[in-house]
Amino acid sequence: MGLLSAPAAVDKREYWGFSAFDWANSGYVTTVGTVLFAPYLTSVAETAACGYAGTTDRPCNTNLDVLGLGISPGSLAFYVVTVATLVSALFLPVVGAIADRMSRKKVLMCGFAWVGALAACSMVFVGGGRWLLGALLLFVGNLCLGSSLVVYDSILIDIAPPDQRDTVSSRAWAFGYAGGFILLLLNLAVVTAHDALGMSQGTAVRLSLLSAGLWWGAFTFIPYVRLRNRPPTSVEPVRSRGLVRQSFGQLAATLKHLRSYPMTLLFLVAYLFFNDGIQTVISVSSTYGEKQLGFATQVLIATILLVQFVAFFGALAFGRFAQRYGAHRTITGGLVVWMLIVIAGFLLPAHQIVPFLVMGIAIGIVLGGTQALSRSAFSQLIPKGREAEYFSLYQAGERGTSWLGTLVFGLVHQLTGSYRPAIVALGLFFLIGLILLTRVDMRRGITEAGNAQPAIV
């Protein structure tokens, strides 16, 4: 575990508590959010609409009736993510403002995680025609994940000094990929051997979803025990009355004051665009592989396992690159690779596993590193005392714009009947993010925020 050991300047107990939360929530992110649930919910919705689950040779073209609107079963999961992200954009700033005034941040973080884990566990009941239950549970799980991450990201500033944040963030992200890899490996065994285990593939998938919820909930006890609570650094203390109103008031003040930090704002906007592309690629990859390229669920899980395995080393490598070249340059290089990936995705031939695996390796190399370094780079640009609230803007802004990616993907599919033009359209998000990121002056932004300058940015 030497590659993941805590830096000398970081308390080991808290470092492992912080890293354990990445390990815990990765079970939900990979098994539910990335691999299994979107294709499974699509199949459940297609069966309800057409009487059968669509295939590449026999697609389901009958719409579901949702509040009088005709919704393509193939787009349902992406529309649910769209609604969840829009609600998150309004809800998460309140969570951040409350967290900055609390002396028990870890309780708030773990509470949201446990509610989200319960929603994931309940996905075991999604079957038959219960696509609406699946949509509701996906909404709750994603909302709770975002809420817990707002508090979690702000804790990075509490436990790591400026010069160590790239390293701590990257290693924690790598630790999360290790956890996601192990759980997916177990789920691959269950789904692949479902006949030998005396169950249908649908039952095997539902049990895998249950395992993700149990994993998230159980391992969240580690950060609950190991992380320390700290006095709030916000200038306004928590009051027993009017807390939500007080939180919205602080949010309004933060948005107003954000104009005084132009580099922080520019980095945030750049992140919203390129992370939108990343999150959309992650959320649609399994559906794209199954419905467009014709791969079985076992192939998809095996490919994601490969991505997780490579991403473990990719996140560590990006952390090393950041130590030498700075987070800003390293993220910029990663975005160039992302643009090449979506172009390659458009050109992938159906039923050809080797090109699909090569693309998975490329995704793994840049996946964790770009996200981990974005988190640590943004932490350098936050004024002291507003850590959780600014990270709520980071998470809420992400969700306030990331619905564009899933919405575009869903709409292009519905208009064209193909996922290929939808996947290549995501390159625009990486291009805009890259252009904006090159205009961010990190040294100036850190100075404007009143923070200490790290040796390399």
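Tutor: Here is a walk through the salt bridges, pair by pair. The model is predicted. A search of the whole structure finds six salt bridges.

Start with glutamate 14. Its partner is arginine 228, with the closest N and O atoms 3.6 Å apart. Glutamate 14 sits in helix α1, and arginine 228 in the loop between α7 (221-226) and α8 (243-257), so the pair ties together parts that are 214 residues apart in sequence. Glutamate 14 counts as buried because its relative accessible area is 3%, under the 20% cut-off. The pair is also part of a network: Glu14, Arg228 and Arg230 are linked by salt bridges.

Next comes aspartate 22, whose side chain meets that of arginine 375 at 3.7 Å, N to O. This pair links distant parts of the chain, with aspartate 22 in helix α1 and arginine 375 in helix α12, 353 residues apart. Aspartate 22 is buried at 6% relative accessible area. Arginine 375 is buried too, at 2%.

Arginine 444 and glutamate 448 form a salt bridge, their closest N and O atoms 2.7 Å apart. Both lie in helix α16 (residues 442-449), four residues apart, about one turn of the helix. Arginine 444 is partly exposed, with a relative accessible area of 41%. Glutamate 448 is partly exposed as well, at 26%.

Note on methods
Residues are numbered from 1 along each chain as its sequence is written. This is a predicted model: local features need pLDDT of at least 70, side-chain atom pairs count only at pLDDT 80 or more; totals for chains, interfaces and linings use all residues. Side-chain values use heavy atoms; hydrogens and water are left out. A salt bridge is a side-chain nitrogen of Lys or Arg within 4 Å of a carboxyl oxygen of Asp or Glu. Helices (H or I, at least four residues) and strands (E, at least two) are DSSP runs, numbered from the N terminus. Buried means under 20% relative accessible area, exposed over 50%, partly exposed in between (1.4 Å probe, protein chains only).
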